[in-house]
Amino acid sequence: MKKSSAYLQWSLVQLFFVISVIFSVMFGIYSPNITSSLNVNPAQFGWLAGVFFIFYAAVQFYSGKLFVNVSPKLILVSSALISATGSLLLALTSSLTLLFIARILLGIGLASTYVGVLYIIQRNFTASEFSVMSSLSQCLANLAGTTFAFFGGMIISTLSYKIFFSILACVFVACALLILMVIKDTDPADLRNSVNSSLFS
């Protein structure tokens, strides 16, 4: 594979990962606005945080298996669209029940982001490049999260959480479309060889 193609595919999946980190940071920063706007008490907000990570952890645990048995393009596009739906629902809802559903959708959608980055790196780069690219991916995501945390006060004074998460939903849709156009599917022979592998293998 040409290096330009490899870096382009990595960049798109990396963008999805970076946006997922930005979402997590900004949800925390916007938490006072969300709780006051929707009359969410501290206990309920804790449940909202918990339900996100329950679904995030459960799906992330199994997503490595999915990437070798299912089309990675299908997984990443579906994840981005599920994330977009959750982000838009979070922005538009005035119901606590729908807010929980939004957080569940986001937990499911964002769970495959870093696993997706690692999968694309190991598929498109050499073994000697894997550690550098994976650490670069984590570094860039952390820098993006830090930047948004640092300027979070300025953002919330300019944009309401409804507008911000609506914009984020559009970015997730854009990620889905770009991934659909650029990411190459795994060779069907590779899928056939891995389909009988166990979860832990």
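Reader: How many residues has the largest nonpolar core?
Author: This is a predicted model. Its largest nonpolar core has 55 residues. Phe 23, Ile 34, Leu 90 and Phe 165 have the most contacts inside that core.

Reader: Which elements give two or more residues to this core?
Author: They are α1, α2, α3, α4, α5, α6, α7 (127–150) and α9.

Reader: And where does the largest share come from?
Author: From α1, with 13 residues.

Reader: Back to Phe 165. What is Phe 165 in contact with, leaving aside neighbours within four places in sequence?
Author: Phe 23, Met 26, Phe 27, Tyr 30, Ile 34, Ser 87, Leu 88, Leu 90 and Ala 91. Among these partners, Phe 23, Ile 34 and Leu 90 are also listed with Phe 165 for the most contacts inside the core.

Reader: New topic, α5. What should helix α5 span, and how far apart are its end C-alpha atoms?
Author: Helix α5 covers residues 96–110, which is 15 residues. At 1.5 Å a residue, α5 should span 21 Å. The end C-alpha atoms are 21 Å apart, so the two agree.

Reader: Which residues of α5 are buried?
Author: Leu 99, Phe 100, Ala 102, Arg 103, Leu 106, Gly 107, Gly 109 and Leu 110. Their cover includes α1 (3–29), α2 (31–38), α3 (42–69), α4 (72–92), α6 (113–124) and α9 (161–182).

Reader: What happens at the start of α5?
Author: Ser 95 sits there, with a side-chain oxygen within 3.3 Å of the backbone nitrogen of Thr 97.

Reader: Now α3. Where is the kink in α3 centred?
Author: On Ser 63, and the kink is about 40°. Ser 63 is one of the buried residues of α3. End to end, the 28 residues of α3 reach 41 Å from first C-alpha to last, close to the 40 Å expected.

Reader: What caps the N-terminal end of α3?
Author: Asn 41 does, with a side-chain oxygen 3.1 Å from the backbone nitrogen of Ala 43.

Reader: Last one. What is the mean pLDDT of the chain?
Author: 87, and 92% of residues reach 70 or more. Over residues 191–201 the pLDDT is below 50. That stretch has 16 contacts in the model beyond near neighbours in sequence.

Definitions and conventions:
Residues are numbered from 1 along each chain as its sequence is written. This is a predicted model: local features need pLDDT of at least 70, side-chain atom pairs count only at pLDDT 80 or more; totals for chains, interfaces and linings use all residues. Side-chain values use heavy atoms; hydrogens and water are left out. pLDDT is the predictor's confidence in each residue, from 0 to 100. Contact means heavy atoms within 4.5 Å. Helices (H or I, at least four residues) and strands (E, at least two) are DSSP runs, numbered from the N terminus. The expected span of a helix is 1.5 Å times one less than its number of residues. Buried means under 20% relative accessible area, exposed over 50%, partly exposed in between (1.4 Å probe, protein chains only). A polar contact is a pair of N or O atoms within 3.5 Å; within protein, one must be able to donate a hydrogen and the other to accept it, and residues adjacent in sequence count only if both atoms are side-chain atoms. A nonpolar core is a set of buried Ala, Val, Leu, Ile, Met, Phe, Trp, Tyr and Cys residues joined through side-chain atoms within 4.5 Å. The bend at a residue is the angle between axes fitted to the seven residues ending there and the seven starting there.
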